[in-house]
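Subject: Structure handover

Hi,

Here is the structure for your work. Please look it over before reading my notes below.

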Amino acid sequence: MAALKLKKALLVVDVQNDFCPKGALAVAKGDEVIPVLNKYIKEFSKNKLPVFVSRDWHPKITGHFKKFGGRWPQHCVRETKGAAFHPKLKLPNEAIILSKGMDPARDGYSAFQAQDANCTDFLNLLKIFGVSEIYIGGLATDYCVKFSALDLLRHGFKVYLLTDAVKGVNISSRDSEDAIKEMAACGAKLITFVDFAKRSVKP
Ligand code: VGL
């Protein structure tokens, strides 16, 4: 298949009910990322640029959960309401849904462990779409956003971290701050929607 001439893409990480207030693994103010992400989604969509949307999609029994030796309460069990995207997230029809965390032996924090509905993994999708720059936001700063961003940087992608569209779990109060520093130290550029609006997103 000929690669499309698209260079930029958006990755919206895990904006699911369980990571939002009242969810099973609620990130404080997690839902506040939604209106900002909706603005980014609209821009990418308008410019016909790919919008990737990841989700935790766990089996009921997985070593990721406390009950089975992991560190987290049960959350985002596939096909449940907790695993559904937050209803206020405005996803375009052409959004590419990436599921991860299906392997009970792996935490599956990174989008590099995710696949689309045809079981094509994220890295291959990025190659197919000809993407070289990724704008990333969502939940949670200190886990899935961080691991996805670091994997992208490791593979040579240019990464823009949307600092006004991320929130962290913060098991320790500075975790998100440290995660942002680590992503920046590895080469991620930190931007807000104001910076984004100033640059052209057209391919
Ligand atoms: C996540 C903690 C546990 C995330 C997933 O989406 O960042 N965090 N599982």
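How far is an oxygen atom of the ligand from an N or O atom in the side chain of Asp14? The distance is 2.8 Å. That is a polar contact (a pair of N or O atoms within 3.5 Å).

First, the ground rules. This is a predicted model: local features need pLDDT of at least 70, side-chain atom pairs count only at pLDDT 80 or more, and totals for chains, interfaces and linings use all residues. Residues are numbered from 1 along each chain as its sequence is written, and side-chain values use heavy atoms, with hydrogens and water left out.

Ligand contacts

His64 places a polar side-chain atom 3.3 Å from a nitrogen atom of the ligand. Ala140 uses its backbone: a polar atom there is 2.9 Å from a ligand oxygen atom. The protein covers 100% of the 260 Å² of accessible area that the ligand has on its own (Shrake-Rupley method, 1.4 Å probe).

The ligand is surrounded by Asp14, Phe19, Leu25, Asp56, His64, Trp72, His75, Tyr109, Leu139, Ala140, Tyr143 and Cys144. Each has a heavy atom within 4 Å of the ligand. This shell divides into eight nonpolar, two polar and two charged residues. Here Ala, Val, Leu, Ile, Met, Phe, Trp, Tyr, Cys and Pro count as nonpolar, Asp, Glu, Lys and Arg as charged, and the others, Gly among them, as polar.

Cavity

The structure holds one cavity of 30 Å³ or more. A cavity is a set of points, on a 1 Å grid over the protein atoms alone, where a 1.4 Å probe fits but cannot get out. The largest cavity has a volume of about 100 Å³, taken as the space filled by probe spheres set on the points. The ligand sits in this largest cavity (more than half of its atoms lie within 2 Å of the grid points).

The lining has 13 residues, each with an atom within 4 Å of a point. Phe19, Leu25, Tyr143, Cys144 and Val169 lie nearest the centre. The lining divides into nine nonpolar, two polar and two charged residues.

Backbone

Most residues other than glycine have a negative phi, and most peptide bonds are trans. Two places to check:

- The peptide bond from Leu139 to Ala140 is cis, with omega near -5°.
- Glu79 is not a glycine, yet has a positive phi of about 75°.

Best regards

Technical notes: A polar contact is a pair of N or O atoms within 3.5 Å; within protein, one must be able to donate a hydrogen and the other to accept it, and residues adjacent in sequence count only if both atoms are side-chain atoms. On a 1 Å grid over the protein atoms alone, a cavity is a set of points where a 1.4 Å probe fits but cannot get out, and a pocket is an open set with protein on both sides within 12 Å along at least five of seven lines; lining residues have an atom within 4 Å of a point.
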